[in-house]
Amino acid sequence: MAGHLLIIDYGSQFTQLIARKTRALGYYAEILPAGIPVGEALAQRPGALILSGGPASVDEPGAPGLDPELLEAGIPMLGICYGMQLLARALGGRLTREAHGEYGPAELEPTAPSPLWRPLNGSERLRVWMSHGDRVEEAPPGFRITGRTQDLPVAAMEDWERRIFCLQFHTEVHHTEKGSELLQAFLSEAGLENGWRMSSFARDAVEEIKRTVGPDGHVLCGLSGGVDSTVAAALLARAVGPRLHCVFVDNGLLRQDEASEVVEGFRLCYPDLRLTVADAGAEFLSRLQGVADPEEKRRIIGHTFIEVFSREARKIGQADFLAQGTLYPDVIESVSPQGPSALIKSHHNVGGLPKELGFTLIEPLKYLFKDEVRELGAELGVPECLLWRHPFPGPGLAIRIIGPVDRESLSLLRKADAIVREELRASGLDRVVWQAFAVLLPVRSVGVMGDGRSYGQVVAVRAVTSVDAMTADWARLPDDLLARFSSRIINEVPGVNRVLYDISSKPPSTIEWE
């Protein structure tokens with residue numbers, strides 16, 4: 001897309017927030033790694049560039065740098081944090097290394113007029129968020145200082161003639177007041193048009209799929225019932241119609257009534273969809289017998305899924321393309337200048353299918369964030385009952401049972417989990433909460449039930465709020481809702497006599513327990 005925003009990623013944990021905020025303003029943005037050849041970046045004919053923050057010091061060995069060719073291209077540019085320091089160094093400014101760095105809130109005082117200060121009322125001071133170890137001590141020739149803080153003499157600077165703007169603070173985090181407005185001011189000054197709409201993305205994506213698949217190609221899509229695969233299937237159905245073949249693998253590890261709800265929902269909403277259902281619950285459960293290690297569970301489930309999916313794919317036979325619900329955060333992480341993130345836990349999807357199957361991969365959602373996927377689903381008319389399902393891991397309830405998985409523990413957990421989801425929907429908070437579920441713990445608890453001593457099982461309830469699951473906070477649910485969780489689970493699920501509520505955030509915890 002010519003004239004759009006390119007964000008050069010120098011490894012900041014906030015880089016994705018820049019793209020999400022600018023897209024929310026109506027400007028299409030893509031993220032490229034700092035090491036990409038300049039020619040590839042300029043070939044996209046960007047209308048503006050943002051240089052992100054990053055964890056390195058600009059002067060340390062191996063720190064990502066700035067190709068002078070970018071500066072010579074005459075493209076409006078905004079440097080944020082590390083990006084500001086790179087520009088200062090490249091253009092002749094002077095930097096120093098702070099002894100302790102500056103991390104947290106600060107008050108910005110505008111010191112000179114700037115197009116970026118248009119959202120401010122006169123000399124209004126602004127609460128901003130700092131996170132840096134280096135500082136610009138002297139602005140480069142041709143730059144004027146436009147903002148400072150109590151501890152930082154150069155908190156903002158610009159060369160208006162070259163349309164290069166620099167901010168030491170992070171506009172993209174919610175801790176910075178009017179951060180979106182400041183980004184809007186830069187993009188307006190750069191002359192970009194805010195024409196990014198999900199309707200136009202849907203139209204362009206459909207046309208791109210048609211060109212890729214051609215008039216006779218058939219597409220195979222793994223359908224899990226989750227939001228990503230659901231929206232991908234809806235988009236593909238619009239593009240290729242009856243030449244889309246969906247495979248739903250029922251691994252026997254799903255939530256209560258989930259398999260039937262997914263299958264019936266799709267067949268009702270998309271009656272022309274070719275949907276194959278593989279009932280493989282017994283196969284999965286047999287291979288999981290006696291396995292307690294969570295990574296071993298994931299490995300077994302992933303390999304078994306591949307076997308079952310491959311078997312069904314061979315039966316269909318005529319598909320040339322394989323669709324996968326890869327999202328933009330996955331793409332960004334795989335090309336991060338800092339390398340892929342450390343493995344926290346393995347993931348499982350159809351991307352692990354053997355290459356010998358001979359499919360050409362299609363990833364129609366690979367430029368979208370999670371919240372944008374739901375927006376696209378609404379644009380495509382995906383029913384709310386499918387679109388707003390809470391995220392559910394590929395290994396299913398197997399990683400919500402801490403310890404070995406068997407039919408008895410699955411039955412118990414399904415009932416407890418169904419109560420949590422039912423009560424959450426009844427409270428009207430199911431869209432406020434990102435994810436809510438029950439976990440079966442490998443401990444027993446003494447209790448009193450029916451005037452007698454019980455030695456029952458323990459269920460933990462987990463509910464979190466989040467935007468994209470990269471970070472999450474435990475949900476502050478009303479006391480009476482928590483009480484209903486506990487009362488119903490203890491009274492309606494045989495064998496449970498204690499219910500806990502998980503109040504840990506991500507990080508340091510993950511959303512799932514395993």
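Q: Which are the buried residues of helix α12?

A: Some ground rules come first. This is a predicted model, in which local features need pLDDT of at least 70 and side-chain atom pairs count only at pLDDT 80 or more, while totals for chains, interfaces and linings use all residues. Residues are numbered from 1 along each chain as its sequence is written, and side-chain values use heavy atoms, with hydrogens and water left out. Helices (H or I, at least four residues) and strands (E, at least two) are DSSP runs, numbered from the N terminus. Buried means under 20% relative accessible area, exposed over 50%, and partly exposed in between, with a 1.4 Å probe and protein chains only. An α-helix has 3.6 residues a turn, so residues three or four places apart point the same way. In α12 (residues 370–379), the buried residues are Lys370, Glu372, Val373, Arg374, Leu376 and Gly377.

Q: What covers the buried residues of α12?

A: The cover includes α1 (15–24), α6 (198–213), α7 (227–240) and α13 (384–387), where contact means heavy atoms within 4.5 Å. After α12 comes Gly381, with a positive phi near 80 degrees.

Q: Which way do the residues of strand β9 point?

A: In β9 (residues 164–167), Ile164 and Cys166 point one way, Phe165 and Leu167 the other way, and all are buried.

Q: In which sense, parallel or antiparallel, do β8 and β9 pair?

A: Two strands pair if DSSP finds at least two bridges between them. Strand β8 (residues 156–159) pairs with β9 in the antiparallel sense over four bridges, and Ala156 has Leu167 as its bridge partner. Their hairpin has four residues between the strands, and Arg163 takes a positive phi near 55 degrees there. Strand β4 (residues 77–80) pairs with β9 in the parallel sense, also over four bridges, with Leu78 partnered by Phe165.

Q: What is the strand order of the five-stranded open sheet?

A: The order is β12-β11-β10-β13-β14, with parallel pairing. β12 (274–279) and β14 (360–362) each have a single partner strand, so one side of each edge strand is left without a neighbour in the sheet. Between β13 (residues 321–323) and β14 there are three bridges, and Leu322 stands opposite Leu361 in β14.

Q: How many disulfides are there?

A: A disulfide is a covalent bond between the sulfur atoms of two cysteines. It is called here when a pair of cysteine sulfur atoms lies within 2.5 Å, and the count comes to zero. Cys81 is in no disulfide, and the nearest cysteine sulfur, that of Cys166, is 11 Å away.

Q: Is Cys81 buried or exposed?

A: Cys81 is buried, at a relative accessible area of 2%, whereas Cys385 is exposed, at 55%.
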